[in-house]
Amino acid sequence: MIRMLKAFAWMRWRVLMNSLERTGARDVVERFSLAIEQIAPIAALLLLVPSGLALAGLGAAAGYALTRQGDALLFEFVRFLLLATLGFAIAGPLLLPAAGRPGAVRLLLLPIPRGTLYVAQAASAVTDPWILLALPMLLAIPGGLLAGGQPSAALVALAAGVLFVVVLLGISVLVALLLQLLFRDRRRGELAALLFILFIPVISMVPALLATGGGNASDRERDVERPPLPAWVRVATTAARYVPSELAATAIRAAARSETGLVAGTGLALAAFGLLCHGGALLVFGRLLDSPEATGGRRRAGSGAAAWRLLPGVTPAVSAIATTQMRLAVRTPRGRSILLSPVLVFVVLGFVMRRTTEEMDLGLFALDSGIGLATFGAAVCLLAIIPFAMNQFAIDGAGLTLVLLSPVRDEDYLAGKAIANGAIAGAPALFCVIAAYLLFPAGHPALWASIPLGIASTYLLVAPAAAALSALFPRPVNLNSIGRDSNAQGLAGLAGVLATIAAGVPALLIWLACARLLNRPALLPLCLAVWVVIAFGLSRLAFRAVSALLRRRRENLAVSVG
């Protein structure tokens with residue numbers, strides 16, 4: 001088995017090297033883009049070294065403190081870090097999807113036992129960042145106990161740390177394999193991906209929901225005398241003691257206190273958790289190997305599909321390109337998330353604002369009115385389009401080759417993409433503005449009218465930059481994915497965020513000049529309308545240069561996507 005595991009490690013190394021070396025058919029920009037894609041994870045891994053050293057020092061200090069104090073404050077901090085590591089092991093495969101790891105189905109034709117394949121799959125989870133950061137801390141705690149003169153406690157702490165790592169690997173692999181099995185069915189996987197992507201904004205807003213208590217002072221005074229906790233809360237508190245991270249911390253603390261019975265009980269519980277997780281993961285792994293690679297019926301074109309092909313005021317070619325792009329947004333999980341997740345964030349923020357009269361501080365934004373809520377929601381909608389806009393050519397997949405071979409002018413192709421991306425970002429942004437006005441109508445009408453104009457001017461300036469970045473850094477993506485597999489190339493995404501912020505600066509300066517400096521908000525829509533016209537002219541000029549760039553890179557785009 002050891003020889004086979006070494007072979008797997010060598011194979012993954014060669015895959016990485018080949019991805020960096022075999023790029024002779026691409027130009028310098030393409031090779032640079034691919035190198036960044038491959039080197040970025042390695043650079044991130046190197047950045048973990050200082051954090052790992054700091055955590056190792058924290059673990060050693062916590063272990064040493066246990067030999068001097070019964071309940072060391074440092075060890076309590078380590079305990080919460082272990083709990084956070086357990087949470088990342090559960091949620092991590094959702095953020096770094098299992099599809100990114102090489103599948104084992106293609107290796108079934110080789111004379112390799114399934115148990116060895118599973119061990120190789122589980123060993124790959126060691127490279128997860130949360131496990132890499134937990135390892136130095138868990139290995140340093142026994143060192144601190146040993147330095148404090150408790151060698152037997154150090155051995156127990158080492159065993160508890162090893163068992164906890166085994167549990168982390170089992171949980172991480174089990175969740176990753178369940179995700180792979182779930183996404184074998186295309187329709188089921190698309191629904192799960194959409195629900196998860198919409199779930200993220202809700203979770204991100206939970207601290208705001210908890211921080212803003214809502215109501216007036218008398219309501220808060222009535223909450224001082226709270227009723228006893230319900231039974232289910234007490235049960236959950238008791239069950240939390242048997243969480244693997246708590247069991248590991250309890251075993252280490254009990255070893256420092258020489259409580260042999262507690263050490264044995266928690267050790268057996270940790271071992272049982274490890275067997276349960278890896279046993280379940282092995283069963284799911286076998287089911288995954290026996291199941292077909294992908295299932296799910298084909299899509300059927302509806303009777304109204306032809307209605308999408310005609311847009312007013314543009315040529316048929318531009319209309320066809322635009323409607324195809326909009327179909328990607330409507331029919332793929334990634335596209336639906338672009339449309340729905342900003343709206344969901346807006347709804348949560350609106351709910352919080354309705355519950356409290358206090359100002360909500362969100363870093364750069366302070367939401368104290370409907371105008372602020374509408375501006376924030378529209379800005380989020382504009383930023384949400386980045387995965388599509390900054391990779392607008394490569395997301396077409398095989399369809400890009402058909403477009404490049406068809407008699408479609410580059411100008412029409414760019415215009416169709418720009419119109420579609422504007423509609424994808426503009427529809428939810430307009431909803432946010434209208435809904436914010438209906439919920440919180442206070443404010444000067446001119447300020448409300450200026451929000452769509454500011455968003456329009458910003459997008460007009462960003463659109464040519466997005467097309468240029470998409471042509472320079474194309475990245476084949478899977479729009480059914482819920483992770484980085486559906487994102488634009490890293491440099492293109494970062495440049496897209498910076499370009500969006502820079503494009504919004506002129507509109508912000510006009511707003512400050514009219515509404516704050518001159519104190520004439522009625523002039524704001526007129527000034528912004530003039531700026532929209534200027535931005536449209538600048539965008540047309542910029543698209544001429546982008547059209548020439550696209551013409552030079554047609555072959556590279558076809559090769560990169562193919």
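A residue is taken as buried when its relative accessible area is under 20%, as exposed when this is over 50%, and as partly exposed in between (1.4 Å probe, protein chains only). The model is predicted, and local features need pLDDT of at least 70, side-chain atom pairs count only at pLDDT 80 or more, while totals for chains, interfaces and linings use all residues. Residues are numbered from 1 along each chain as its sequence is written, and side-chain values use heavy atoms, with hydrogens and water left out.

Helices (H or I, at least four residues) and strands (E, at least two) are DSSP runs numbered from the N terminus, and the chain has 22 helices and two strands. Of its 562 residues, 43% are buried.

Helix α15 (residues 370-384) has 11 of its 15 residues buried, so it is largely enclosed by the rest of the structure. These buried residues are Gly370, Ile371, Gly372, Leu373, Ala374, Phe376, Gly377, Ala378, Cys381, Leu382 and Ala384. The end C-alpha atoms of α15 are 21 Å apart, in agreement with the 21 Å that its 15 residues should span at 1.5 Å a residue, where the expected span is 1.5 Å times one less than the number of residues.

A nonpolar core is a set of buried Ala, Val, Leu, Ile, Met, Phe, Trp, Tyr and Cys residues joined through side-chain atoms within 4.5 Å. In the largest such core, which holds 53 residues, Leu145, Leu177 and Ile252 touch the most other members. The elements giving two or more residues to this core are α2 (28-66), α3 (73-95), α4 (114-124), α5 (129-147), α6 (151-182), α11 (244-256) and α12 (260-290), and the largest share, 14 residues, comes from α6. With contact meaning heavy atoms within 4.5 Å, Leu177 touches Tyr118, Gln121, Ala281, Val284, Phe285 and Leu288, residues up to four places away in sequence not being counted. Apart from this core lies another, of 42 residues, including Phe388, Leu400, Ala467 and Leu550.

Aromatic rings of Phe, Tyr and Trp (its six-membered ring) pair if their centres lie within 6.5 Å, with planes under 30 degrees apart counted as stacked, over 60 as edge-to-face and the rest as tilted; the count comes to five aromatic pairs. The rings of Phe346 and Phe431 have centres 6.3 Å apart and planes at 70°, so this pair is edge-to-face. The pair links distant parts of the chain, with Phe346 in helix α14 (residues 333-355) and Phe431 in helix α18 (residues 410-439), 85 residues apart. Phe346 is buried, at a relative accessible area of 3%, whereas Phe431 is partly exposed at 40%.
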